[in-house]
Amino acid sequence: MNLDSIPAWVKTVEEAKKIQEELRFKVIQEDRLSEVNYVAGVDVGFKNNYTITQAAVAVLNYPELTLVEQALATIPTTFPYIPGFLSFREIPAIIEALKQLTITPDLILCDGQGIAHPRRLGIASHLGVLIDVPTIGVAKSILIGKHQEVPPEKGSWTPLIDRGETIGVVLRSRFNVKPIYISIGHKISLNTAINYVMGCLTKYRLPETTRWADRLASI
DNA sequence: GCGACAG
DNA sequence: ATCTTGTCGC
């Protein structure tokens, strides 16, 4: 996990778009992960009328899913929320939180899309490439793509398609509940990503990793 | 030009 | 994301 030598953060969308066009080719869409003993969830929250960004990381052991470490980082907000550029708003704080960890996660589940993004570099892919760790995008709603209705049973899914390309899947994480959007982040295949997300689910809509990170980030 | 639009 | 009470359903 490389947390140093991370490029300085950008200020304009033009600049951000240029970076996305460069980094999109560094995303590895196949399995390059070793044995997964630690899975992390990352999430971001805001304070003081969005002027403060707070990132939380929760590390769970796998497959037991018990919390083994957590970290919280709070920094000034430097970028607005613009659909398609979420990573530039949230990653700086996430990096700071990751620096506090004593355990290097084998896999990270991010709140948001991976390659299911207009330029195939959603927050999960962007973070994965920057820190060189396998990541999965787990979003609560859609950014781009089309899909058919997903059967109501937990575990069923349908492909998410954009311009004829499968960019992820829409997964029913719990019976009869609004599905979640799973996509490759970095160094993992779509099938493996689905399996790990399933492995992090218990009785709720969201994976335990993101549930822990959510709760932490909103303190 | 119009509508959609992760968190 | 965040603001917020009750309420519907398993």
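**A working chat about chain A**

Colleague: How much of chain A counts as buried?

Modeller: Of its 219 residues, 47% count as buried, a residue being buried if 20 or more other C-beta atoms, placed from the backbone, lie within 10 Å of its own, exposed if 12 or fewer, and partly exposed in between. This is a predicted model, in which local features need pLDDT of at least 70, side-chain atom pairs count only at pLDDT 80 or more, and totals for chains, interfaces and linings use all residues. Residues are numbered from 1 along each chain as its sequence is written, while chains are lettered from A and ligands numbered from 1 in the order in which they are written.

Colleague: Which helices and strands does chain A have, and in what pattern?

Modeller: Chain A has five helices and eight strands, and along the sequence they follow the pattern α-β-β-β-α-β-α-β-β-β-β-α-α. Helices (H or I, at least four residues) and strands (E, at least two) are DSSP runs, numbered from the N terminus.

Colleague: Where does UniProt put the "binding site"?

Modeller: The unreviewed UniProt entry places that feature at Asp43 and Asp111. They span 69 residues in sequence, yet no two of their C-alpha atoms are more than 5.8 Å apart, so they gather at one spot. UniProt positions are given in the numbering used here, feature names are shortened, and annotations may be inferred rather than shown by experiment.

Colleague: Take Asp43, then. Is that residue buried or exposed?

Modeller: Asp43 is buried, because 27 other C-beta atoms lie within 10 Å. Asp43 belongs to strand β1 (residues 38-47). Leaving aside neighbours within four places in sequence, its contacts include Ala56, Asp111 and Thr210; two residues are in contact if their C-beta atoms, placed from the backbone, lie within 7 Å.

Colleague: And where does Asp111 lie?

Modeller: Asp111 lies in strand β4 (residues 107-111). Asp111 is buried, with 23 other C-beta atoms within 10 Å. Beyond neighbours within four places in sequence, Asp111 is in contact with Val42, Asp43, Val138 and Thr210.

Colleague: Changing topic: which residues surround DNA strand C?

Modeller: Gly45, Phe46, Lys140 and Ser218 surround DNA strand C, where a residue is near a molecule or strand if its C-beta atom, placed from the backbone, lies within 6 Å of it.

Colleague: Last one: what share of contacts joins residues at least 24 apart?

Modeller: In chain A, among contacts between residues at least 6 apart in sequence, 63% join residues at least 24 apart.
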